[in-house]
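Please look through the sequence and the structure shown here before reading on. The briefing that follows takes up a few topics in turn, starting with pairs of charged side chains.

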Amino acid sequence: MKILLIGTCRIHEPICSISKDKPQILNAERIGESAQYYTHSTPEIKQRMLYFQKDYHIEKSLATYQIGPYPEPKLVEASSINDADVILIEVPSRKTYQYNDHLLQESRTNTRLKNLNSELLVDWKEWANARFKGVGGTDKFDTSNYFDSNKTNDHQIISNIVPHTYGIDETLNDIVEIYNMTNKKAIFVTHINGFDKRGNLLQNRDELIEKILIHCKENNIPCINPTEIVMHLGQKVTMAKEGRDLNHYHPDALTEIGDWFYEQIKLHKAGIQ
């Protein structure tokens with residue numbers, strides 16, 4: 001089976017750790033090789049799909065804000081997106097960084113800002129979080145305190161980035177659009193939910209997961225919820241930092257989680273799930 005991965009470490013690492021009957025990963029030969037190319041929101045996913053379909057290109061001036069100091073994403077030699085049997089797509093977030101018609105990658109953007117000026121990153125995060133929550137903040141981030149000239153490439157980009165929280169309905173509509181973009185080869189993956197230190201489920205995450213699952217079922221779109229394997233095996237052993245980190249799997253659990261993912265993929269391909 002040939003699989004194309006679009007998402008974060010939560011699908012790349014376990015799928016690359018499958019123990020037997022290994023699939024061919026079209027855009028990652030081993031763990032970490034595609035780490036710089038993670039996506040989080042559905043607008044980013046659509047942009048990445050267009051990129052693999054050769055209908056979008058990464059502009060040189062934006063590369064550090066989209067992929068960091070790395071080569072452009074590529075598939076394994078002599079393959080194309082059309083060769084994929086499955087396109088596994090994770091939808092973990094609704095937050096976007098938009099610059100004109102381009103979606104930027106949040107962590108790459110933050111890294112760029114930190115490299116420019118650590119104080120800039122601190123102030124940026126405070127401003128961006130307010131924008132994400134819709135609780136105020138200016139329309140544009142004021143970069144005048146951090147650049148000697150307003151004509152630099154970074155100044156022009158940073159002062160025109162728009163942080164935005166995509167609506168749930170918009171996200172759900174995008175899932176249908178993306179499914180059709182993949183010629184119905186997509187299998188979607190939700191974020192992971194779990195318990196915080198007080199023993200409570202993360203409510204915002206729980207709401208998005210549930211709505212994605214319901215929407216996919218109503219539209220006959222395959223979807224995997226990895227919370228199932230986390231709850232089955234136990235949060236403490238499957239998630240990093242003894243279960244306290246709900247964004248990263250524990251390295252020792254990757255193979256078992258990857259094998260579970262692969263079984264879910266096979267069931268969906270067989271029309272059993």
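What do the side chains of K211 and E207 meet in? They meet in a salt bridge, with 3.6 Å from N to O. The model is a predicted one, and nine salt bridges are counted in it.

**Salt bridges**

- K211 and E207 both belong to helix 8, where they lie four residues apart, about one turn of the helix; K211 is partly exposed at 37% relative accessibility, and E207 is partly exposed at 37%.
- The side chains of K46 and D174 also meet in a salt bridge (2.9 Å, N to O), and this pair links distant parts of the chain, since K46 is in helix 2 and D174 is in helix 7, 128 residues apart.
- K46 counts as buried because its relative accessible area, 17%, is under the 20% cut-off, and D174 is buried as well, at 4%.
- In helix 11, K266 and E263 are three residues apart and form a salt bridge whose closest N and O atoms are 3.9 Å apart.
- Salt bridges that share partners join D21, E263 and K266 into one network.

**The largest pocket**

- The largest pocket holds about 690 Å³ of space, and 21 residues line it, with P92, S93, R94, K95 and H191 the closest to its centre.
- Helix 8 gives the most to this lining, with four residues, and the lining as a whole divides into five nonpolar, 10 polar and six charged residues.

**A nonpolar surface patch**

- F195, L201 and M231 form a nonpolar patch on the surface, with about 240 Å² of accessible area together.
- F195 lies in the loop between strand 7 and helix 8, and it is partly exposed, with a relative accessible area of 38%.

How values were computed:
Residues are numbered from 1 along each chain as its sequence is written. This is a predicted model: local features need pLDDT of at least 70, side-chain atom pairs count only at pLDDT 80 or more; totals for chains, interfaces and linings use all residues. Side-chain values use heavy atoms; hydrogens and water are left out. On a 1 Å grid over the protein atoms alone, a cavity is a set of points where a 1.4 Å probe fits but cannot get out, and a pocket is an open set with protein on both sides within 12 Å along at least five of seven lines; lining residues have an atom within 4 Å of a point. Grid points are joined across faces, edges and corners, and a volume is the space filled by probe spheres set on the points. Helices (H or I, at least four residues) and strands (E, at least two) are DSSP runs, numbered from the N terminus. Ala, Val, Leu, Ile, Met, Phe, Trp, Tyr, Cys and Pro count as nonpolar, Asp, Glu, Lys and Arg as charged, and the others, Gly among them, as polar. Patches are made of residues with over 30% relative accessible area and no salt bridge: like charges are joined within 9 Å, nonpolar side chains (Val, Leu, Ile, Met, Phe, Trp, Tyr) within 5 Å. Accessible areas come from the Shrake-Rupley method with a 1.4 Å probe; for residues, only the protein chains shown count as cover. A salt bridge is a side-chain nitrogen of Lys or Arg within 4 Å of a carboxyl oxygen of Asp or Glu. Buried means under 20% relative accessible area, exposed over 50%, partly exposed in between (1.4 Å probe, protein chains only).
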